[in-house]
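Subject: Handover of a structure and notes on its features

Dear colleague,

Please find below the structure that I am passing on to you.

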Amino acid sequence: VQFTERKVQIGGKQPSGLFLATITRVLNEQVPFDGNDLAVSNIVCDNKHMLLGLSDGSLYSISWKGEFYGAFGLDSSQHNDSEVTSLSHSLANSIASGEAERAFASNYRVSKKSAIAQLEFCVSMRLLLVLYSDGQLVSCSVSKKGLKPVESIKAEKSLGNGDAVCTSIAGDQLILAVGTRRGVVELFDLADSGLLIRTVSLYDWGYTMEDTGSVSCISWTPDNSAFAVGWKLRGLTVWSVSGCRLMSTIRQIGLSSASSPVVKPNQDCKYEPLMGGTSLMQWDDYGYRLYAIEEGSLERILAFSFGKCCLSRGVSGMTYVRQVIYGEDRLLVVQSEDTDELKMLHLNLPVSYISQNWPVQHVAASKDGMYLAVAGLHGLILYDIRQKKWRVFGDISQEQKIQCKGLLWLGKIVVVCNYIDSSNMYELLFYPRYHLDQSSLLCRKPLLAKPMVMDVYEDYILVTYRPFDVHIFHVKLFGELSPTSTPDLQLSTVRELSIMTAKSHPAAMRFIPDQIPRDSALDNHISSSSDLLAREPARCLILRANGELSLLDLDDGRERELTNSVELFWVTCGQSEEKTNLIEDVSWLDYGYRGMQVWYPSPGVDSFKQEDFLQLDPDLEFDREVYPLGLLPNAGVVVGVSQRMSFSACTEFPCFEPTPQAQTILHCLLRHLLQ
């Protein structure tokens, strides 16, 4: 496949980024199969070899040069699921080169195996999954050399209950999703030898296998934070990795009512998308759209548009005070100024910017939540929420030179992590929020490599490189930050840590400021608060890609594990100067499949106590429909979002509406204060 210079123009505002390709056939060979009645499952490959699954239960190996290595079977004499089974050869070897057929079936036990339905190969984990048509799923390890030395493909263990119909691997999180005939999806932890983490299904919503049929397909989003599930008979649903239902095409009917959820065909109801089942699904490159094909209707593809929550992962920092969901060309901002009711504001980006720089890739809100920085493919724009005004680069050529890989707010300064194409380098650019222009650039700081995660607290910036090198800079501003003066900004390195660890990479890191108990702070509030601001944070929280949360001591590099299976966390201490902040006593909150967990500092040896919402009040355990976006510290409220459906007369399909929901945590704080 060779791509030409000819660009494909698609209707609509966005540039497509697609080029026409010429495809030429290099090789056309008849594969010398042993039997004539064989069917092929699918092809998996590395950069040198490929494997096919055959309907007699064996695998067939071919090189990219067209050398046929013959078929071989996975040894099926498994006595125990956890036993490591050996691999044996069968059939022929090197027929393509015209050598004599050498059959070594000596150690191969001939048994009627069921057909291979699907193969899945994960190069980074050296894992091959073999799914048989009878529902058996076997995970195999592959050697470092790849798929060629077939002796080294070893069947490790069998997963699930023997009713698997499809699989999908999340490589970042090391999670395997398996769809079953029962209509249930099982999640397995590949890092922990295939342990079952949890199952998700629509049973809790009153739908059984009779309604949906078996699972037909599973597809993870590109960032592995959520997965879509399609069923054979009806509908499609998207779940977060913790098991929160983010979106579903299947209509919800009150479970208290005696009426069965099944929609009768003759009912005069609005049409439901994918009413006949889902046959195929595919996310786009950025995870903004999910394309689906209905079972038995090949003439059209349905596209569902999604918004992403600011997870504040990686290089972009996000305040929890302002809750934002970003779509490919707009922002959905939760308006919480009127505390009685939360509203969702649709904020369309200026066409002049987004038509050239589609799609949105990074969003960050300033600490007070009053400014938003948004970056697309190139450049960035700022939005002032009070004035309802956008600020853009005046000079387009400057905008096009910036490829933003992350955004942070440092007070009234926006920090851009910029990738320079020509030199393959990364740098930090500091712009004042009143003027986006080269002439106002406060500082340009080259970075050593591609940053993995970044964070900012007061005057300190944390930058972490792979594998795990932590650098902390102190920022000093000389002069007044205003359009009339010429301020100067300088960075000095205050710490460098290189941490040796075998754990997975950090997905997010946040500074933890030193907390002082309220009573001591009130006694001598003048001295302590000024000292506190000057001190650099000595600890930070680390969230790893596999959901482990730990506390890192920046003085001695010691790391303490706190909990696991965490999807989001918000550091709340030292983040607000307001007197009315109710959650200043809390150090941080985390969210995962258990629900919310609140962490408090304690004066004892173990400096952090963890309180579960589960113990405190059953109302605030894990909510299967509300996904948390952030906090309103003054009201002591967690703001989440849930999916609602509305029907209008003018459209064939229902409208999907993300709706903000509030959950109070006051009872947790009250109980803590009483204790």
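The notes below go from the whole chain to sheets, backbone geometry, surface and salt bridges.

Please bear in mind throughout that this is a predicted model.

Overall composition

The protein contains 7 helices and 49 strands. It has 675 residues, and 50% of them count as buried. Among contacts with a separation of 6 or more, 48% are made by residues 24 or more positions apart. The accessible surface is about 32500 Å², and carbon and sulfur atoms hold 52% of that area.

Strand S37, residues 469-478, is joined to S38 by 10 bridges in the antiparallel sense. Within this pairing, His471 has Glu496 of S38 as its bridge partner.

Another open sheet is built from 3 strands in the order S47-S48-S49, again with antiparallel pairing. Its edge strands, S47 (627-632) and S49 (655-664), each pair on one side only. Neighbouring strands here are turned against each other by 35° on average, direction ignored. Strand S48, residues 637-646, pairs with S49 over 10 bridges in the antiparallel sense. Val641 is placed opposite Pro660 of S49.

Backbone geometry

Two cis peptide bonds deserve a look. The bond from Trp358 to Pro359 is cis, with omega near -5°. Pro359 sits in the loop between helix H2 (351-357) and strand S27 (362-365). Arg466 and Pro467 are likewise joined by a cis peptide bond, with omega about -5°.

Positive phi values occur at residues other than glycine, including Arg126, where phi is near 50°. Arg126 lies in the loop between strand S8 (116-122) and strand S9 (127-132), and its relative accessibility of 36% makes it partly exposed. Lys388 also has a positive phi, near 55°. Its place is the loop between strand S29 (381-384) and strand S30 (389-391), and Lys388 is exposed, with a relative accessible area of 62%.

Surface features

Which residues form a nonpolar patch on the surface? They are Val1, Phe3, Phe19 and Ile23, with about 490 Å² of accessible area together. Val1 is in the segment before strand S1 (2-7) and is exposed, at 68% relative accessible area.

Ser305, in strand S22 (residues 302-305), is exposed as well, with a relative accessible area of 56%. Neighbours within four places in sequence aside, Ser305 is in contact with Tyr288, Arg289 and Glu328. Ser305 and Glu328 are 23 residues apart along the chain, and their C-alpha atoms are separated by 8.5 Å.

Salt bridges

The count of salt bridges comes to 21. In one of them, the side chains of Glu559 and Lys503 meet at 3.7 Å, N to O. Glu559 is in strand S42 (residues 559-563) and Lys503 in the loop between S38 and strand S39 (506-512), so this pair ties together parts 56 residues apart in sequence. Both residues are partly exposed: Glu559 has a relative accessible area of 25%, and Lys503 has 30%. The two also belong to a network of salt bridges that links Lys503, Arg544, Glu548, Glu559 and Glu561.

Asp514 and Arg535 form a salt bridge at 2.5 Å, N to O. This pair links distant parts of the chain, 21 residues apart: Asp514 is in the loop between S39 and helix H4 (518-523), and Arg535 in the loop between helix H5 (525-534) and strand S40 (539-544). Asp514 is partly exposed at 22% relative accessibility, as is Arg535 at 45%.

Arg558 and Asp556 also form a salt bridge, with their closest N and O atoms 3.1 Å apart. Arg558 counts as exposed at 58% relative accessibility, whereas Asp556, at 41%, counts as partly exposed.

With kind regards

Methods. Residues are numbered from 1 along each chain as its sequence is written. This is a predicted model: local features need pLDDT of at least 70, side-chain atom pairs count only at pLDDT 80 or more; totals for chains, interfaces and linings use all residues. Side-chain values use heavy atoms; hydrogens and water are left out. Helices (H or I, at least four residues) and strands (E, at least two) are DSSP runs, numbered from the N terminus. Buried means under 20% relative accessible area, exposed over 50%, partly exposed in between (1.4 Å probe, protein chains only). Contact means heavy atoms within 4.5 Å. Accessible areas come from the Shrake-Rupley method with a 1.4 Å probe; for residues, only the protein chains shown count as cover. Two strands pair if DSSP finds at least two bridges between them. Patches are made of residues with over 30% relative accessible area and no salt bridge: like charges are joined within 9 Å, nonpolar side chains (Val, Leu, Ile, Met, Phe, Trp, Tyr) within 5 Å. A salt bridge is a side-chain nitrogen of Lys or Arg within 4 Å of a carboxyl oxygen of Asp or Glu. Axes are lines fitted to C-alpha atoms, for helices over the stretch in contact, and angles run from 0 to 180 degrees between N-to-C directions.
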